[in-house]
Amino acid sequence: MKKSSIFMLLLTVLSLAFCLTGCGGDQTTQQGSADNPNNEQIKIGIIQLMDHEALNQAQQGFIDTLAENGYQAGENLTLLIENAQGDINNLATIADKFVAENVDLAFTIATPSTQAMASKTTTIPIVATAVTSFTVARLVQSDEQPGGNITGASDLNPITDQIDLLLQLCPDVQTVGFLYTASEDNSTLQCNIAKEYLDTLQIKYVERTITNTNDIQQAVTAIVEECDAIYIPTDNNFASAMPTVASIAQPAGIPILGGEVHQVERGATFTKGITYYGIGCQAGEMALDILKNGANPATMPIQNPTEFEYCINGPACQALNITIPAELQQYVITEIDTAA
């Protein structure tokens, strides 16, 4: 009788423990963040064309926005982050991988990345940024009604404002030299807008285009003999090689109007441009609308940048004898990354 009583007591204790454990497990399964109450698992593929600060900032803005809204990498979010290192052939391989992985959404950074992903799927939602014109790149039917599986945030700069800044700081400029990659639709578009504006101001221009970074030194060396200032749009190849451009242009006495802030931080002379972190955040908000609310990219208008900032390279302006007006002094930076 004694052994039987002990045996029955043990069974009762084990039964209670099992019941409590089961109840606790159910409660944990149902618990999630306020923004992601069901704690669903999301898989996002990120394609980045190459490694340079502007594109890196766009990626960080996107990831931070997801995190702030309840999607944490390693918890309820799997991020597949791939960098093509500037090789167009790598983009197709990465896009194939994301399709095979059946990602819930693809975030593409730069036009070639977006075009590569678009060529592989018409069903996976694609949110893009660092694309200047989605229509010129033939990614959407229109900015207002994209019409397919692609939407995103443009990186179109205030180009006429940039030219005005150039003429404010360098009023004697008579010929502007354009440097860009011929195969980058975004670069061609920006330069065409700038040329049209220069035509209205009756200012001349010349240009040199490249096919890859190996052509940059020759192109810059040639153009500094033909112009009074250089304009470089948000061109991925030139952005990655800005210290090389500056090392040739500045000794020749030629200021560089950069397409965005990070170009100035690496050697360009000045700009008024977008913030890539900001457009990354915009893209993140659009992705959230798709993931959380079931929004359809086909009816989500392309968004334009909402934040712009000045950036002026103090040492370069001093070397080029450029006077910086008092109202722009607050935008002067003195630490420049000249590492090629």
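In the predicted model described here, Ile216, Gln217, Val220 and Thr221 in H7 meet Val245, Ile248 and Ala249 in H9, where contact means heavy atoms within 4.5 Å. The residues of this contact of H7 with H9 divide into five nonpolar, two polar and no charged; Ala, Val, Leu, Ile, Met, Phe, Trp, Tyr, Cys and Pro count as nonpolar, Asp, Glu, Lys and Arg as charged, and the others, Gly among them, as polar. Residues are numbered from 1 along each chain as its sequence is written. Because the model is predicted, local features need pLDDT of at least 70 and side-chain atom pairs count only at pLDDT 80 or more, while totals for chains, interfaces and linings use all residues, and side-chain values use heavy atoms, with hydrogens and water left out.

Two packed helices are described by the angle between their axes and the distance between the axes. Helix H7 (residues 216-223) and helix H9 (residues 242-249) pack at an angle of about 30°, with their axes 9 Å apart. Helices (H or I, at least four residues) and strands (E, at least two) are DSSP runs, numbered from the N terminus, and axes are lines fitted to C-alpha atoms, for helices over the stretch in contact, with angles running from 0 to 180 degrees between N-to-C directions. H7 and H9 are therefore roughly parallel to each other, since angles under 35 degrees count as roughly parallel, over 145 as roughly antiparallel, 65 to 115 as roughly perpendicular and the rest as oblique. The crossing of H7 and H9 is right-handed; a crossing has this hand if the near helix is turned clockwise from the far one by less than a right angle, and is left-handed if anticlockwise.

The strands form an open sheet of five, in the order S2-S1-S3-S4-S5 and with parallel pairing, two strands being paired if DSSP finds at least two bridges between them. Strand S2 (77-83) and strand S5 (150-154) stand at the edges with a single partner strand each, so one side of each is left without a neighbour in the sheet. From one strand to the next, the twist averages 20°. Strand S4 (residues 126-131) and S5 run parallel and are joined by five bridges, and Val127 stands opposite Thr151 in S5. Helix H11 (residues 276-293) packs on this sheet, touching strand S1 (42-48), strand S3 (105-109), S4 and S5, and the direction of H11 makes about 165° with that of S4.

H11 also packs against H2: the axes of H2 and H11 come within 7 Å and cross at roughly 40°, and the two helices are therefore oblique to each other. The crossing of H2 and H11 is right-handed, and the residues of their contact divide into 11 nonpolar, six polar and two charged.

A search of the whole structure finds four aromatic pairs, defined for rings of Phe, Tyr and Trp (its six-membered ring) whose centres lie within 6.5 Å, with planes under 30 degrees apart counted as stacked, over 60 as edge-to-face and the rest as tilted. Phe62 and Phe107 form a stacked pair, at 3.8 Å centre to centre and with 5° between the planes. Phe62 lies in helix H2 (residues 53-68) and Phe107 in strand S3, so the pair ties together parts that are 45 residues apart in sequence.
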